[in-house]
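Please keep the sequence and the model in view while reading.

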Amino acid sequence: MVTKAEQEKNIHTYKVDFAQLKSEIQMLEKNDFAVMKADNERLLAEIEKLKHKLRDEIARTQAGVRLDLSLEKGRIRDEASVQEVKIKETDTKLEAEISNLRTQMESIKFQILQYMIGTITGTGALILAYMRMFR
């Protein structure tokens, strides 16, 4: 059996304790919220740094690829010009050979024509001599 004054005193003590507990819980919640907010901001800043780093790395890689492509295009152009020079040289050699063969063909034609004229003249002389002899 408790007196009403003690009961009210205990109730008041419990209320004060509950109020202190409530204020401590609110303080802990505020502290936890502040810590969580600070961690969240730190993580967001870290994410931004990583995004920036990734963008820089992508840009660097793209620049490297562009450089490699430019170098490869230049090498291909050089190789193509070398091949073009070789083709022109071969074409020139072929033209020279063709003109040389044409010259030889004309020379052979002329020689054949000479032999034909000589043969026809000789045959004609023989025919005339034969006709003169038997006439």
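UniProt, in an unreviewed entry, places the feature "coiled-coil region" at residues 4-64; UniProt positions are given in the numbering used here, feature names are shortened, and annotations may be inferred rather than shown by experiment. Helices are DSSP runs of H or I with at least four residues, strands are runs of E with at least two, and both are numbered from the N terminus.

The model is predicted: local features need pLDDT of at least 70, and side-chain atom pairs count only at pLDDT 80 or more, while totals for chains, interfaces and linings use all residues. Residues are numbered from 1 along each chain as its sequence is written, and side-chain values use heavy atoms, with hydrogens and water left out.

Helix α1 covers residues 4-133, and leucine 126 has its place there. Leucine 126 and glutamate 106 are 20 residues apart in sequence, and their C-alpha atoms are 30 Å apart in space. Is leucine 126 buried or exposed? Its relative accessible area is 62%, so leucine 126 is exposed (buried means under 20% relative accessible area, exposed over 50%, partly exposed in between, with a 1.4 Å probe and protein chains only).

A search of the whole structure for salt bridges finds 8, a salt bridge being a side-chain nitrogen of Lys or Arg within 4 Å of a carboxyl oxygen of Asp or Glu. One of them links arginine 75 with glutamate 79, with the closest N and O atoms 2.9 Å apart. Both residues lie in helix α1, 4 residues apart, about one turn of the helix. Arginine 75 counts as partly exposed because its relative accessibility is 42%; glutamate 79 is also partly exposed, with a relative accessible area of 42%.

Lysine 88 forms a salt bridge with glutamate 84, where the closest N and O atoms are 3.7 Å apart. The two are 4 residues apart in helix α1, so about one helical turn separates lysine 88 and glutamate 84. Lysine 88 counts as exposed at 51% relative accessibility, whereas glutamate 84 counts as partly exposed at 46%.

Glutamate 106 meets lysine 109 in a further salt bridge, 3.6 Å from N to O. These two residues of helix α1 are 3 residues apart, about one turn of the helix. Glutamate 106 is partly exposed, with a relative accessible area of 49%, and lysine 109 counts as exposed at 52% relative accessibility. Elsewhere, salt bridges that share partners join Asp39, Arg42 and Glu46 into one network.

The search for aromatic pairs in the whole structure finds 1. Tyrosine 130 and phenylalanine 134 form this edge-to-face pair, 4.5 Å centre to centre with 70° between the planes (rings of Phe, Tyr and Trp, the last by its six-membered ring, pair if their centres lie within 6.5 Å; planes under 30 degrees apart count as stacked, over 60 as edge-to-face and the rest as tilted). Tyrosine 130 and phenylalanine 134 are both exposed.

Tyr14, Phe18, Leu21 and Ile25 make a nonpolar surface patch of about 440 Å². Patches consist of residues with over 30% relative accessible area and no salt bridge, like charges being joined within 9 Å and nonpolar side chains (Val, Leu, Ile, Met, Phe, Trp, Tyr) within 5 Å. Accessible areas come from the Shrake-Rupley method with a 1.4 Å probe; for residues, only the protein chains shown count as cover. Phenylalanine 18 lies in helix α1 and counts as exposed because its relative accessibility is 57%.
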